[in-house]
Structure formats: structure tokens, C-alpha cells
Amino acid sequence: MFTWLADNLVFSWLQWPRNDPFAHSVHFFVMDTLKIFFMLCGVIYLMGWFRSFITAEQVRNYIQGKSKWVGHLLAIILGALTPFCSCSSVPLFIGFVEAGIPLGVTFSFLIASPMINEIAVVMLLGIVGWKVTVLYVLSGFIVALVGGVLMEKFKAERWVEAYVWQIRMAKTPPLNLAHTLPARHDYALNEVKTIVQRVGLWIIIGVAVGATFHGYFPQEWAESLANQDNFWVVPSAVLLGVPIYANAVGVIPLAEALLLKGVSMGTTLAFMMSIAAISLPELLILRKVIQWPALVLFVIILSVSITLVGWLFNFIL
Amino acid sequence: MFVVKVLGSACAKCKTTQQLIEEVTRVNAIPITLEKITDIAQIMAYGVMTTPAVVVNEKLAHVGSVPDKKTILSWFKASCCPADNHCC
């Protein structure tokens with residue numbers, strides 16, 4: 001449908017020649033922007049519905065008292081489904097700790113949430129295809145699990161600030177914002193509006209960059225770059241990604257550019273995950289609840305597990 | 001007079017929430033005192049884990065996102081006449 005629309009606009013209506021690189025870029029741009037906005041609105045609306053049923057406070061209640069492995073799995077799935085603003089990291093952390101949820105499970109949640117989200121999934125699906133999307137979600141899952149389990153093994157409780165243990169939460173029943181169908185619809189629609197407003201411009205810029213590559217990127221470049229992969233590429237990509245922080249929207253066009261340049265899948269995925277999962281602002285916020293040694297450990301564990309996942313995909317693909 | 005508290009550390013969404021509440025109550029001539037709660041222990045004491053959250057007259061009214069104007073207005077309308085459903 002989107003191809004048909006773009007075909008009509010570029011080739012029939014504007015009558016640009018089919019073999020012209022500029023027309024090709026514009027065609028790609030029109031098709032991808034339409035497709036991504038369409039998918040994004042649909043997915044955010046559905047997620048909005050889902051979220052009107054479940055709040056972070058309820059997530060806590062679900063995970064509380066579950067066995068360790070069930071806890072990790074639930075934390076990752078719920079973390080992926082419920083995004084939170086990074087300024088909520090501290091109350092979430094304390095809330096989980098207060099509920100007696102193991103620290104490792106809490107970390108699994110904190111790692112999964114920014115890394116796996118519906119915007120990243122839609123962008124990946126729209127721009128780079130379903131295979132990479134599945135791999136990205138899968139790797140996010142693995143990294144969140146490994147990261148959480150390792151934080152537990154290192155007994156990160158030692159480094160939790162003392163005041164955290166003292167805070168008590170009110171036992172108020174969780175507030176559900178939207179009970180009726182119209183209210184849920186309003187909530188979901190509002191989510192679509194705010195998210196599309198926030199990321200819309202970035203998507204257009206991102207797709208435009210991708211489209212430019214699509215029309216103009218010389219084949220020989222791709223071939224010459226593809227052969228330069230070696231053992232150290234993945235860890236360097238991860239290290240490079242640590243100080244860079246961007247949301248999924250900013251990263252994905254970059255990922256597409258890397259893939260088009262012939263950088264291997266594992267390396268690209270590792271770079272994306274490192275950018276999304278490890279961010280300096282988030283670390284500074286978490287510093288309020290845990291001490292530096294734990295944060296350093298957190299970064300090391302994440303970098304190492306992302307590197308391993310990157311190598312794994314480079315090896316098997 | 002409503003006592004409104006915006007719970008949340010100094011993040012952009014919390015500021016937006018505060019400004020929206022100020023705007024809506026000014027336009028509708030609703031008398032409020034607005035407080036900003038940034039202390040984490042106090043925030044948690046309301047049972048809140050995701051900010052921004054809003055407390056109206058010591059009752060939790062909103063959590064986890066920037067409320068829209070309609071929602072903001074509903075807090076004050078609802079508590080002006082708790083027995084009468086038609087006024088809202």
C-alpha cells in the first residue's frame with residue numbers, strides 16, 4: 001500500500017524517471033515515513049490501551065514475592081512493555097527494593113525498559129526489517145537477564161545508599177487512571193499525540209538520512225567496508241556507544257547507515273544497545289540510590305554482556 | 001482552596017505538569033496553592049513510583065505522566081460536588 005502510494009506520487013504524479021537516484025531517494029523517503037508513522041500510531045495506540053490496564057505500581061505488585069527466575073523474566077517483559085521517564089528511575093528503584101524484590105530483578109527491569117520499547121521496535125521494523133527487530137529484542141532480553149543476574153552475584157546490595165532501606169511506601173491501592181472504555185481510548189489517543197509530537201521530527205530526519213543513503217550509497221564502498229571486521233570491532237563499538245546517549249529514534253537511522261555500509265549485524269546491534277542501555281544522565285540519577293562501585297560494575301557488566309551478544313551474532317550470522 | 005502537590009524531581013515533565021496546572025486553574029479561576037515535592041522519601045510516602053504525580057487535597061490524583069488539561073480540570077470539578085454526578 002505504501003509502495004503504491006509512493007509509486008504514484010513520485011513516478012506517476014511528479015513523473016520523475018525511475019532510474020534517477022534522487023527520485024529513488026524521494027520514493028524511499030515517502031514510503032518509509034508513511035509506513036513508520038502509520039505503524040507508530042497503531043502500535044502506540046494499542047500500547048496505550050494496554051498501559052491503561054497496568055501501572056508501574058502494579059508491575060511491582062506482580063513481581064513481588066515471585067521466585068528469582070520468574071521475577072527476572074517478568075521484570076524484563078514488564079520493563080519492555082512499560083516505559084518510564086528516566087527521572088522515575090529513583091522512585092522505581094526504591095519502590096522495588098521496598099517491596100522486597102531482589103536487587104538483580106530490579107536491575108533487569110531498569111536495563112530492559114529503555115532498551116526494548118515499542119518505538120524502537122516500530123522503527124526497526126520499518127527501516128531495517130523484521131529479522132534485525134527480532135534479534136534486537138532477543139539481545140535486549142539476554143543482556144537484561146545477564147546484567148540483572150550478575151549484579152545479584154556481586155551482591156550489589158552492599159552499595160545501596162543506607163537511606164533507601166528506611167523509606168516506607170504508603171500502602172495506598174494503586175491508582176488506575178482510566179477505568180472506562182472512553183477514558184482508555186482518551187488515554188491511548190493522548191499517548192499517540194504526545195509520543196508522535198516528541199519523536200516525529202526525529203523520524204523524518206532519520207528516514208531522510210536513510211533515504212539519502214538508499215539513493216546515493218555506492219556499492220563499492222559497502223563491499224570495501226564489509227571486509228574490515230575483526231575481533232576488536234564489537235568492543236570498540238560498545239565503548240564508543242557508552243558516552244553517546246540517544247533514544248531509539250536517533251539510533252536506528254544510524255544503525256541502518258552502518259548496516260548499509262556493510263558493518264556486520266552483531267557489531268551494529270552491540271552499538272545500538274550500548275547507546276540505548278548505558279547513559280550518563282541515567283547513571284547520575286541512579287547515583288542517588290547506589291554508590292559508585294555498583295555503578296561502575298553496572299557499566300562493566302552491561303558492556304561485557306553487550307559485547308558477548310555482539311560477538312555471538314557476528315559468529316552465527 | 002485546593003492544596004495541589006506536584007511530586008517529582010526536577011525533570012522537564014514535572015515542570016510541564018506544574019505549568020499546565022497553573023494555567024488551567026488560572027483560566028478557570030480555581031483557587032489553589034501549588035507545592036512542589038522533590039524529596040524522594042515524601043514522594044514514596046504517597047505510594048508513587050513514577051513521576052510526575054499529582055496530589056490534590058492529600059489524595060493521589062495522577063501518576064506517571066503529564067496530565068492533559070481535561071484531566072486536570074476533572075480533579076477540581078469532581079471534588080467541588082462529590083454527590084452530584086451531573087456537574088462534571
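In what order do the 4 strands of the open sheet in chain B lie, and what is the sense of their pairing? In this predicted model, the strands of chain B are arranged as β2-β1-β3-β4, and the pairing within the open sheet is mixed. The edge positions are taken by β2 and β4 of chain B, each of which pairs on one side only. Averaged over the sheet and with direction ignored, neighbouring strands are turned by 30° against each other.

Chain B comprises 88 residues, of which 39% are buried, and its secondary structure consists of 3 helices and 4 strands. Read from the N terminus, these elements follow one another as β-α-β-α-β-β-α.

Together with helix α1 (residues 12-27) of chain B, β1(B) and β2(B) make a β-α-β unit that is right-handed. Strand β1(B) also runs antiparallel to strand β3 (residues 53-56) of chain B, to which it is joined by 4 bridges. In this pairing Lys5(B) stands opposite Val55(B), and Val6(B) has Val54(B) as its bridge partner. The sheet continues from β3(B) to β4(B), two strands that run antiparallel and are joined by 3 bridges, with Val56(B) opposite Lys59(B). The hairpin of β3(B) and β4(B) has 2 residues between the strands, and Asn57(B) adopts a positive phi near 45° in this hairpin.

In soluble globular proteins, nonpolar side chains tend to be buried together. The largest nonpolar core of the model has 104 residues, and those with the most contacts inside it are Ile111(A), Ala112(A), Leu124(A), Val143(A), Ala270(A), Met272(A) and Met273(A). Helix α14 (residues 265-277) of chain A supplies the largest share of this core, with 9 residues. When residues up to four places away in sequence are not counted, Met272(A) touches Tyr136(A), Val251(A) and Ala255(A).

A further position of interest in chain A is Ser108(A), which is placed in helix α6 (residues 103-115). Ser108(A) is classed as buried because 32 other C-beta atoms lie within 10 Å, where 20 or more are required for that class. Apart from neighbours within four places in sequence, the contacts of Ser108(A) are His72(A), Ala75(A), Ile76(A), Gly79(A), Ala144(A), Leu145(A), Gly147(A) and Gly148(A). For one of these residues, Leu145(A), the C-alpha atom is separated from that of Ser108(A) by 5.8 Å, although the two residues are 37 residues apart along the chain.

Methods
Residues numbered from 1 in each chain as written. Chains lettered and ligands numbered in written order. Predicted model: local features only at pLDDT ≥ 70, side-chain atom pairs only at ≥ 80, totals over all residues. Buried ≥ 20, exposed ≤ 12 C-beta atoms within 10 Å, placed from the backbone. Core = buried A, V, L, I, M, F, W, Y, C linked by C-beta atoms within 7 Å. Contact = placed C-beta atoms within 7 Å. Right-handed = clockwise from strand over helix to strand, strands pointing away. Pairing = 2+ DSSP bridges. Axes fitted to C-alpha atoms, helices over the stretch in contact; angles between N-to-C directions.
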